[in-house]
Amino acid sequence: MSYEFLLSSAIGVLVAGGIFLALRARTFQVVLGLTLFSYAVNLFLFASGRLVMGRPPIWDKAVSAYADPLPQALVLTAIVITFGMTAFVVILALRSFLETGSDHVDGDTVPCDAQDGLGTPGEDDGEEAQA
């Protein structure tokens with residue numbers, strides 16, 4: 001198994017998991033999905049600089065070949081942007097939850113206890129309560 005196959009498989013799994021979580025109806029799962037997707041983009045940017053091993057990252061007169069520093073700089077910038085975006089989205093989700101009482105992204109005002117199944121016993125099942 002080659003290093004390129006392993007890296008491309010990891011990127012594929014992260015993209016699939018990110019898309020799956022981003023399409024969920026709860027805000028925390030959407031935030032996790034966006035974070036997984038951004039990790040996949042970071043790995044893709046890093047892999048775009050050709051995967052070379054055993055070369056120094058900084059140019060020196062003593063070496064003839066070195067690793068490309070541009071993908072490394074792009075990934076570092078993307079990590080900072082991802083951290084800021086994640087913090088912003090978490091604050092928006094928290095504010096939305098505190099104002100609406102629900103953490104659904106589609107606007108439904110379902111109480112959190114009912115959607116999690118944490119309601120009081122006999123509250124959700126009307127048939128057993130009548131019997």
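Buried residues account for 19% of the 131 residues in the protein, a figure that, like every other value in this report, refers to a predicted model. The accessible surface amounts to about 9,600 Å², and 67% of that surface belongs to carbon and sulfur atoms. The secondary structure consists of five helices and zero strands, so that the pattern read along the sequence is α-α-α-α-α. When contacts in the protein between residues at least 6 apart in sequence are considered, 45% of them join residues at least 24 apart.

**Packing of helix 2 and helix 3**

Helix 2, which spans residues 27–47, packs with helix 3, which spans residues 69–100, at an angle of about 175 degrees, and their axes lie 9 Å apart. Because of this angle, helix 2 is roughly antiparallel to helix 3, the cut-off for that description being an angle over 145 degrees. On the side of helix 2, the residues that take part in the contact are Thr27, Val31, Thr35, Ser38, Asn42, Leu45 and Phe46. Among the residues of helix 3 that they meet are Pro71, Gln72, Leu74 and Val75, as well as Thr82, Thr86, Val89 and Val90. Sorted by type, the residues of this contact comprise 11 nonpolar, seven polar and no charged.

Apart from neighbours within four places in sequence, valine 31 is in contact with Thr86, Val89 and Val90. The separation between valine 31 and threonine 86 is 55 residues in sequence, whereas their C-alpha atoms are 7.0 Å apart in space. Glutamine 72, in helix 3, is partly exposed, since its relative accessible area is 27%. The C-alpha atom of glutamine 72 is separated by 9.5 Å from that of alanine 47, and the two residues are 25 residues apart along the chain.

**Salt bridges**

Side chains of opposite charge can pair when their charged atoms come close. How many salt bridges does the count come to? The count comes to two salt bridges, and they are taken here in turn.

In one of them, the side chains of aspartate 103 and arginine 26 meet with an N to O distance of 3.0 Å. Aspartate 103 lies in the loop between helix 3 and helix 4 (112–116), while arginine 26 lies in the loop between helix 1 (3–22) and helix 2, so this pair ties together parts that are 77 residues apart in sequence. Aspartate 103 counts as buried because its relative accessibility is 13%, whereas arginine 26, at 23% relative accessibility, counts as partly exposed.

The other salt bridge is formed by arginine 95 and glutamate 99, whose closest N and O atoms are 2.8 Å apart. Arginine 95 and glutamate 99 are four residues apart in helix 3, which means that about one helical turn separates them. Arginine 95 counts as exposed at 55% relative accessibility, and glutamate 99 is likewise exposed, with a relative accessible area of 57%.

The table gathers residue pairs by their separation along the chain and by the distance between their C-alpha atoms.

| Pair | Separation in sequence | C-alpha to C-alpha distance |
|---|---|---|
| Valine 31 and threonine 86 | 55 residues | 7.0 Å |
| Glutamine 72 and alanine 47 | 25 residues | 9.5 Å |
| Alanine 67 and glycine 49 | 18 residues | 8.0 Å |
| Isoleucine 58 and aspartate 68 | 10 residues | 8.5 Å |

Note on methods: Residues are numbered from 1 along each chain as its sequence is written. This is a predicted model: local features need pLDDT of at least 70, side-chain atom pairs count only at pLDDT 80 or more; totals for chains, interfaces and linings use all residues. Side-chain values use heavy atoms; hydrogens and water are left out. Axes are lines fitted to C-alpha atoms, for helices over the stretch in contact, and angles run from 0 to 180 degrees between N-to-C directions. Helices (H or I, at least four residues) and strands (E, at least two) are DSSP runs, numbered from the N terminus. Angles under 35 degrees count as roughly parallel, over 145 as roughly antiparallel, 65 to 115 as roughly perpendicular and the rest as oblique. Contact means heavy atoms within 4.5 Å. Ala, Val, Leu, Ile, Met, Phe, Trp, Tyr, Cys and Pro count as nonpolar, Asp, Glu, Lys and Arg as charged, and the others, Gly among them, as polar. Buried means under 20% relative accessible area, exposed over 50%, partly exposed in between (1.4 Å probe, protein chains only). Accessible areas come from the Shrake-Rupley method with a 1.4 Å probe; for residues, only the protein chains shown count as cover. A salt bridge is a side-chain nitrogen of Lys or Arg within 4 Å of a carboxyl oxygen of Asp or Glu.
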